Amino acid sequence: MTVELEPVIGLEIHVQLKTATKMFCGCELSFGEPPNTRTCPVCLGLPGALPVANAQAIHFGLMIGIALGCELAERSIFHRKNYFYPDQAKNYQISQYDEPLCRGGELAGVRIHRVHLEEDAAKLVHLGESGRIHGSEQSVVDFNRGGTPLVEIVTEPELRSPEHVREWLMLLRATLRSLGVSDVNMDEGSLRADANVSLRPAGQVTLGTKTELKNMNSFRFLERGVAAEIDRQRAIIEGGGEVEQETLHFDPVSGTLTSLRSKEEAHDYRYFPEPDLTPVATTADMRAAAHAAIGELPSARASRLATLGLTAELAHLLAFRGELGDYFEAVVALAPVDHAQQIANWISGQLVARIGDQDPAESRVAPEALATLVAMVEARELTNNAAREVLDVLVAAGGDPREIVAERGLGALADETALATMVADALSADPDSAAQVRAGNEKAIGALVGAVMRETRGRADGGEVTRLMREQLGL
Amino acid sequence: MSGLLELSASQAAASIARGELDAAELFDFYRERAARDETNAFTWVAGAAPETRSDGPLAGVPLAVKDLFATEGVPSQAGSRILEGYCPPYTATVVERLAAAGAPLLGKTNQDEFAMGSSNENSAFGPVLNPWDHRRVPGGSSGGSAAAVAGGLAPWAIGTDTGGSIRQPAALCGIVGCKPTYGAVSRYGMIAFASSLDQAGPLARDVSDAALLLSAMVGARDPRDSTSLDYPGAIALPTRVDLKGVRLGVPAELSGEGIEPGVLGVFEATLELARRLGASVEPCTLPHAGHALAAYYVLAPAECSSNLARFDGVRYGYRAPGASDLLSMYTRTRHDGFGAEVKRRIMLGTYALSSGYYDAYYGRAQRVRTKIAEDFAAAFERFDFVVTPTSPAVAFELGAKLADPLAMYLNDFCTVPASLAGIPAMSIPVGLAEPPGGGTPLPVGFQLIGPAFSESDMLGAAFALEQALGFDGSAVRS
């Protein structure tokens, strides 16, 4: 008998904060400046230099805590996490340990364990063929990134599948993006995720042995890495073996997992309270300022959009892809409220199909133009097919839909007499199909209607043509 | 020329302010003396008089600075081979403040490596000799600063005190040394030994000089040091000539067992003098003081094991040649670059912080620290100051305690409790005592310990004692 194995996944997410300066010094954050130009005695770990905590980073950390429904600690402290590596200027990282800034919380059914502040490491560049530190001829360190503020968000192990991991992380990204505290861009490393993966027999409460997948830098790699690790663990368990606790690296090119270190090689970080920093006391004023700085969160926006009559799915999409939501609201503001669902359909379907990941606000399609286009369709001045053609033009060159319709003669054929003549012509041109329909084969009407639609180049309303056709066939 | 040597720093400052003395002349006088130093007190001496502000409160009186303060473009090596030749790109806040107040940098002084030691024998640049007797140690870790002031090679100096590193060498060299309240002086730019204990302070020929120098070290909190504090008010220059109404507590735990008889004799004579000046002198108790040294030798090494991790050969300082990979570069650099005592403390501290041992060592030591602070708080309900001998011993011979770290650590027995409590303490010279076994009498220090921010009152009481004692250290300044 095979026992169903259930994946249990937790995430540790690192988010680079978009503060004016670094976590513990006055250096500006770096965005591709020449190496080691955004540094000072503090972030270079020079002898005698001391850290000072960045108030804006604490403010952003509190905003994140509030957005995730966490309990904000009245007092939190920084710890030193000690380990030797050239990307740490001091050979310890200032982080938080048993008294983090925020605890608890929840997002979309996944509970948050904790949220804490720390500093990012510098960037190592290995010169030589291997591209990695082992076997490199020379390694150099760029400290521009060193000391960038990071927030670490740790979930409870409550994610259940690779797809769930991906979707949930996208929700988290949208939430953080709406706060304006980070670029949350996985390609650029401002959002990074580690996944803890284990399997257990379905229904079992205790957790299996977990492995940790380090630093996956895209949503797709994260999903694939987690899937690969679930498969690996399932094969081990089903083969009668035991999963070993270790840290793994997923290579998205080969799709393979390699061990970075085993449990025996795990570091003893010798955490102790950072004596160079005083405890962070979060005052009522600081909390109030963090609350006040938070606009509408995506989950609240989804609820509000649903009240406009949107389906739950569309409301969710527009809320969590905030740029689509913003565009939607700009269009709806120019339109009757009963067009909301249609406008949402046009944005999420046709417009996204044409502009992909681009922010519609940056496309050539002005909100006024989309509002007009939908209004024309709703008024039956334009068929859906013709409207799609107009949208092609808008995406390519912008403009006013009414002018495009006039220039191209795309207006719906609303003259019933002319349409009736075309229907009669079609019936006489295809007597076989007409006879089949009269004999009871209703499907044959499609060919007749199609002929009229071709003749009108889609400008006729298909429903109206069908109605006239049935009338003339005496049905 | 020799008249300049007889001027205290305060007197020299006053002369410059009155236009009777040229600051550049004073600087050159001390620069030449420092350059002829026979006690190895200096690791670097200024080449020429810098642009000196003689309109500030310190009037251009030159300053000797312990090696571990970062000074831009000037070697700042913390007495360690691992920082040999290292010249930082920035200057410590306190050195900047003192320069702005008119104390130009005369030179950098020798010290125990990374401030770890009580004899100045743990320096990569060789031991400092005690100006009273060149066969003896000056104390440590600020041994170079103490010897420079005692020997008349510098008008005054700054040092740092983690467990006694200003007070003990001041005592052994017969000068005044003050460790202020933790947070009173910015630590920015002070190469750290143990962050929660390190504090900069003055070493000076007399109490007035110490007060004047300290008054320019404290002030508004340093935005670059999160643990620094706004000093309440200003340091008052001492004037009192009696001790009427001053209540002194003498803790049995720190003034009996383990103290050399000669030291104890001078200490008791000083208490008698204090009574004559109007002070009340009563026994007090610090029940946990006996555990202070043990707690200190967990906490300070724990912090140092982390603070010294940055010396790895990657960015600055010494890097061992010929390493084949990252680990061998780390291990060889630190093997060659650190001295034995520093390595010992890194190992102790690394062990104390290890998973599974943290609570038993670091956690327990922190609880002892809290108890000691509570002991002092209770004592200060009844006493203005707690007084002890500064050091259990007069200056000992070079090499005498090198083989026995525990005997060396006992030098800090009387000074460590105030460090753990973060409260101010100072040492003044109160007499001479023969070392055990006889020989030329050597200076004995008297320690006053007060509540946080009581520096002005403490300096006042010390001044009254000093005036009544008339301790004369001029013989070793010739």
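Into which domains is chain A divided?

## Basis of the description

This is a predicted model, in which local features require pLDDT of at least 70 and side-chain atom pairs count only at pLDDT 80 or more, while totals for chains, interfaces and linings use all residues. Residues are numbered from 1 along each chain as its sequence is written, and chains are lettered from A and ligands numbered from 1 in the order in which they are written.

## Overall form of chain A

Chain A comprises domain 1 (5–290), domain 2 (298–408) and domain 3 (416–472); the bounds come from an automatic or database domain assignment. A separation of 64 Å lies between the C-alpha centres of domain 1 and domain 3 of chain A.

Chain A contains 15 helices and 17 strands, which are DSSP runs numbered from the N terminus (helices H or I, at least four residues; strands E, at least two). Its radius of gyration, taken over C-alpha atoms, is 30 Å, well over the 23 Å that the globule rule gives for 475 residues, so chain A is more spread out than a compact globule. The rule is 2.2 Å times the number of residues to the power 0.38. The C-alpha trace of chain A spans about 95 × 60 × 45 Å along its principal axes.

## Helix H8 of chain A

Helix H8 (residues 340–355) of chain A has a kink of about 30°, centred on A:Ile347. The bend at a residue is the angle between axes fitted to the seven residues ending there and the seven starting there. A:Ile347 is also one of the buried residues of H8(A), which include A:Trp346 and A:Leu351. A residue is buried if 20 or more other C-beta atoms, placed from the backbone, lie within 10 Å of its own, exposed if 12 or fewer, and partly exposed in between.

The cover over these buried residues includes helices H6 (312–320), H7 (322–332) and H9 (367–378) of chain A. Just after H8(A), A:Gly356 adopts a positive phi of about 60°.

## A buried loop residue in chain B

B:Ala289 is located in the loop between strand E8 (280–284) and helix H9 (292–307) of chain B. B:Ala289 counts as buried because it has 25 C-beta neighbours inside 10 Å. Beyond its neighbours within four places in sequence, B:Ala289 has contacts that include B:Pro251, B:Ile372 and B:Pro417; two residues are in contact if their C-beta atoms, placed from the backbone, lie within 7 Å.

## The contact between the chains

The contact involves 35 residues from chain B and 26 residues from chain A. On the side of chain B that touches chain A, H9(B) gives the most, with three residues.
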